[in-house]
Structures are given as C-alpha cells and as structure tokens.
Amino acid sequence: YTPEGPAVEYFELHRRLDVEHSREAAALIAELLAERPDRELVAERMLAAGAAALHANWELLSGVEAAAAG
C-alpha cells in the first residue's frame, strides 16, 4: 500500500470526521443529560457504553493490523 492509496482512505476520512462528530455528540449528550433528573447514572452508563465501543473498535483495528502483518 501507499500512504495516499485506498488502504488508508477509511482512516484518513475518519481522522477528519471524528473531530466533527465528537463535537456534535458532546453537544447532544449535554442537551439530553440536562433534561434528566438521573443524569449522573445515565452519564455513567453512557461512559461505560462508549468505553465498550472504543474497546471493540480497538480490537477490530488490531485484527486489521494482524491480517496485514500476516
């Protein structure tokens, strides 16, 4: 592969879009939590779900790396 080739297009795209999406998500989460009397509990659950999603994505990328090396 080359740094400009299709093998890295996914990562290049998400490098840019993830910044924008994280800002949008933060604003939405803040708005939704402001309306909840149980916002601390909900925030803890959201953080746990986010951590699980990030871990799963990390595992996915580890699999991609392993497949490329193998």
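Reply: Helices here are DSSP runs of H or I with at least four residues, numbered from the N terminus. The model is a predicted one.

Me: Which helix supplies the largest share of the lining of the largest pocket?

Reply: The largest pocket has a volume of about 640 Å³. Its lining counts 17 residues, with D18, S22, G50, A53 and L54 nearest the centre. Both α1 (9–34) and α2 (39–69) supply at least two lining residues. The largest share, nine residues, comes from α1.

Me: How many residues of that lining are charged?

Reply: Eleven lining residues are nonpolar and five are polar. The charged count is one.

Me: Which residues do salt bridges that share partners join into one network?

Reply: The whole structure has three salt bridges. One pairs R36 with D38 at 2.9 Å, N to O. The network, in contrast, joins E12, R15 and R16.

Me: How far apart along helix α1 are R15 and E12?

Reply: Their side chains meet in a salt bridge at 2.7 Å, N to O. R15 is exposed at 56% relative accessibility, while E12 is partly exposed at 36%. The two lie three residues apart in α1, so the separation is about one helical turn.

Me: Is the aromatic pair of Y10 and F11 stacked or edge-to-face?

Reply: This is the one aromatic pair found in the whole structure. The ring centres of Y10 and F11 are 5.1 Å apart, with 85 degrees between the planes. An angle over 60 degrees sets the class. The pair is therefore edge-to-face.

Terms used
Residues numbered from 1 in each chain as written. Predicted model: local features only at pLDDT ≥ 70, side-chain atom pairs only at ≥ 80, totals over all residues. Heavy atoms only, no water. Phe/Tyr/Trp six-rings, centres within 6.5 Å; stacked < 30°, edge-to-face > 60°. 1 Å grid on protein atoms, 1.4 Å probe; cavity = no way out; pocket = protein on both sides within 12 Å on 5 of 7 lines; lining within 4 Å. Points joined across faces, edges and corners; volume = space filled by probe spheres on them. Nonpolar A, V, L, I, M, F, W, Y, C, P; charged D, E, K, R; others polar. Salt bridge = Lys/Arg side-chain N within 4 Å of Asp/Glu carboxyl O. Buried < 20%, exposed > 50% of the residue type's maximum accessible area, 1.4 Å probe, protein only.
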